[in-house]
Amino acid sequence: MPTRPLLFFAVAAALALGCTRTEESKPAPGGSAAVPAVAPDKSNITIKGSDTMVILGQRWAEAYMKANPGTTVQVTGGGSGTGIAALINGSTDICESSRPMKDKEKEDVQAKRGAAAVETKVALDALAVYVNQKNPLQEISIPALSKIYLGETKDWKDVGGKPHAIVLYGRENNSGTYGYFKEHVLANKDFAAATQTLAGTSAVANAVKGDLYGIGYGGIAYLEGIKALKVKKDDAAPAVGPSLQTAQDGSYPISRFLYFYTAGEPTGGIKKFIDWTKGLEGQKVIGDVGYYPLPSGGVTTPAVATKDAG
Amino acid sequence: MSGAVQADVPTTFAEPPPLTRKPRRIERLAEFALRVVALTSIAAIVLILVFVAREALPVLTSEIVQREVSPRMMVAPITQADGSSDFVWQPVSDVPKYNIVPLVLGSLKVTLIALLIAGPFSIAAAVYVSEFARRRQREIIKPVIELLAGIPSVVIGFFALIVLASWVQQTFGTEHRLNALVAGIGLSLAVCPLIFTVSEDALRAVPDSYRAAALALGSDRFQVITRIVLPAAMPGILASFVLGFGRAIGETMIVVLASGNAALVSSSIGLSTRTITATIAQELGEVVVGSPHYHVLFALGALLFLSTFVLNFMGERVIHGLRRKLGMA
């Protein structure tokens, strides 16, 4: 009997060592021998990334699969960072991202996949500032918004609302929306510790819907039952509400592009799919989901098509 | 691999007596299969422990990680720009801050609330079911309470997020809609069936002769329960709390959804709070493998693992000691 535990631990130790070794040997081949970046003529396309874009991606996939029988397009979310990591690891063909890739991430794609990360702008999103329907406030300036999220302004009365403590809602730190807001509104300073981080834009929208004194931010597509504040670039600038026109002409201060990333220039089925999303049909889907089509100037491929899509 | 080698053992060593040849072989095979299954689960635990420890260790050993975060920085307060000092968890920042104090306190706070709510309820229910309920009542109440354990935690979390949070804010006027209290109540729903079942079993295990003796000596029913049955069942009840603590502190989905996840250090239960588990769940998805942030998250995981392990171990010892003292070993 006393030999039994010994035998077991020997087995466990052997297994543990085995694991260690395989894990250590993995990165080496991945680093040197580059995985073929994009397989030609793929009829099975995987897309992963931004939670903001996951519904958009799914609508695109449905419409594209309907138009191209025999092609499968799989779309999953997880956050822009998750998608970029997947692109680096080679576990997705296309990465959806609601923020541009960082230089470090581009280097990683180059190193692990042996091809440069190629960026394609596919849609426009205006980042809306959510408040409860019953909140009397109509507009806010970027500096004031920044102070609220940095925790320096703590009461609605300081920005022209009814006196009550402001309740901050935001996204968890793997979200592209989090990164965008931190960079463009907070000038890369840290969010106030009291910011509640919720999983997904719909959770933020839902929280603001249920909280009279809440404030949140997220995609323009989630405005059901809540109000989007007009935004002023600074205290002197005019207040601009998020809309197709203001996002496309750049007068709404917190609008952003939504991106596709591939490792290497897209080819074959993947190129066909990406071109399709930028064409007439693809850009029409964007409007249905609640985001904005690309301004015609930003499109390199069929420029005529996007004009009609608006 | 070792499994394949072992698979030959029973056939080569089988020396069954002529008459019972067939059943014996099957029995041995079955015994072997069961042993492999049992050892596999233990091996899985050991392997997970090894994996977590290996990923957590660079926090103590790696120079690259230490440049960004030292173990001291993980617990000492940070002096802010305005001179005040604070415990800050801001891993995605120009100057990442990895102070785990708000997370540890958050986990303990939520767990404590859950146990304070679930404990009295579950034990009262257990006393009722074991001491007062008729057989038919017991056969309805016990399975129904145990059914609570079968509700997926994401469902409880969603219920807490949508329904409970509004109710709590309206009733208690909490500052944040999602807060430690909401998460604690949600958690207590998950912990209740565990504390109830284990306590009820412990109460039922107290021999009827104890009750009979107490009643014969003139005790009333209340005295029998408070002076005889509850003390005798105390080891089991303590065990139920230890198990409940482990369940609550390790629970993730409910707290992710219901606690609001703001890393605040506060004694108020009406403010949002962030737990260790929610932090790992929210941040591990994106983090760059091998970065200081990644290793700190694993260190948090190791801390969680270690604390439940130590607690279970200590609980086991206490229970064992108490049992011996009560002559029930």
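I call a residue buried if 20 or more other C-beta atoms lie within 10 Å of its own, with C-beta atoms placed from the backbone. My helices (H or I, at least four residues) and strands (E, at least two) are DSSP runs, numbered from the N terminus.

This is a predicted model, where local features need pLDDT of at least 70 and side-chain atom pairs count only at pLDDT 80 or more, while totals for chains, interfaces and linings use all residues. Residues are numbered from 1 along each chain as its sequence is written, and chains are lettered from A and ligands numbered from 1 in the order in which they are written.

**Entry: helix α8 of chain A**
I looked up α8(A), residues 201-209, and found seven of its nine residues buried. They are Thr201(A), Ala203(A), Val204(A), Ala205(A), Asn206(A), Ala207(A) and Val208(A). I then saw that these buried residues pack against several elements of chain A, among them β4 (117-132), α7 (176-184) and β8 (214-219).

**Entry: chain A with chain B**
I count a contact when the C-beta atoms of two residues, placed from the backbone, lie within 7 Å. Chain B brings 28 residues to the contact and chain A 28 residues. On the chain B side, α3 (21-56) and α13 (276-283) each supply at least two residues.

**Entry: a helix pair in chain B**
I checked α7(B), residues 135-147, against α9(B), residues 180-205: they pack at about 140°, with axes 8 Å apart. Here axes are lines fitted to C-alpha atoms over the stretch in contact, and angles run from 0 to 180 degrees between N-to-C directions. Lys142(B), Ile145(B) and Glu146(B) of α7(B) make the contact with residues of α9(B) including Phe196(B) and Glu200(B).

Methods: Buried ≥ 20, exposed ≤ 12 C-beta atoms within 10 Å, placed from the backbone.
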